[in-house]
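The sequence and the model are shown first, and the main points follow by topic.

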Amino acid sequence: MSSPEIASLSWGQMKVKGCSTTYKDCKVWPGGSRTWDWRETGTNHSPGVQPADLEEVVKKGVKTVVIGRGMSEALQDVISADKLATESSEGLSFNSQETIL
């Protein structure tokens, strides 16, 4: 099973195929999606993505994590997030790139 596709993307709005919700930020995994509320883990443009953000989707069975860093690459990677992916015993691959419309 693969993760749902991003159906549309514009500044501050994301739609996921098969989901009626419009997200500001979201997490997707095989079989689902949900709002990515940065306040849950302390994610912010700086210090960036937190390991707990990755742990949630890894537990849902993803093998590849792709993090959009925002329209101007304002969202930073936290080195420990990359380290978590590198050291994963589940063969997890990690990719971080600018969000492009």
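By class, how many residues in the lining of the largest pocket are nonpolar, polar and charged? In this predicted model, the lining has 17 nonpolar, 11 polar and six charged residues.

**The largest pocket**

- The volume of the largest pocket is about 960 Å³.
- Its lining comprises 34 residues, of which Met14, Cys26, Trp36, Gly68 and Thr99 are the closest to the centre.
- Two or more lining residues come from each of strand E1 (6-10), strand E2 (13-16), strand E4 (26-29), helix H1 (51-59) and strand E6 (64-68).
- Among these elements, E6 gives the most to the lining, with five residues.

**Tryptophan rings and lysines**

- One aromatic pair is present in the structure.
- The pair consists of tryptophan 36 and tryptophan 38; it counts as tilted because the ring planes stand at 55°, with the ring centres 5.8 Å apart.
- Tryptophan 36 has a relative accessibility of 12% and therefore counts as buried, the cut-off being under 20%.
- Tryptophan 38 also counts as buried, because its relative accessibility is 17%.
- Lysine 24 lies over the face of tryptophan 38, at 5.9 Å from the ring centre.
- A further lysine, lysine 60, is placed over the face of tryptophan 29, at 4.6 Å from the ring centre.

- E1 and E2 run antiparallel and are joined by four bridges.
- Between E1 and E2 lie two residues, and the two strands form a hairpin; glycine 12, in the turn, has a positive phi of about 80°.
- E2 is also joined to strand E3 (residues 22-23), by two bridges, and these strands run antiparallel.
- The hairpin of E2 and E3 has five residues between the strands, and glycine 18 in its turn has a positive phi of about 80°.
- Lysine 15 of E2 is the bridge partner of serine 8, and lysine 15 also stands opposite threonine 22 in E3.

**The two faces of E2**

- In a regular strand, side chains alternate between the two faces of the sheet.
- In E2, Met14 and Val16 make up the covered face, whereas Gln13 and Lys15 make up the uncovered one.
- Met14, on the covered face of E2, is one of the residues closest to the centre of the largest pocket.

Key
Residues numbered from 1 in each chain as written. Predicted model: local features only at pLDDT ≥ 70, side-chain atom pairs only at ≥ 80, totals over all residues. Heavy atoms only, no water. 1 Å grid on protein atoms, 1.4 Å probe; cavity = no way out; pocket = protein on both sides within 12 Å on 5 of 7 lines; lining within 4 Å. Points joined across faces, edges and corners; volume = space filled by probe spheres on them. Nonpolar A, V, L, I, M, F, W, Y, C, P; charged D, E, K, R; others polar. Phe/Tyr/Trp six-rings, centres within 6.5 Å; stacked < 30°, edge-to-face > 60°. Buried < 20%, exposed > 50% of the residue type's maximum accessible area, 1.4 Å probe, protein only. Lys NZ or Arg CZ within 6 Å of the ring centre and 35° of its normal. Pairing = 2+ DSSP bridges.
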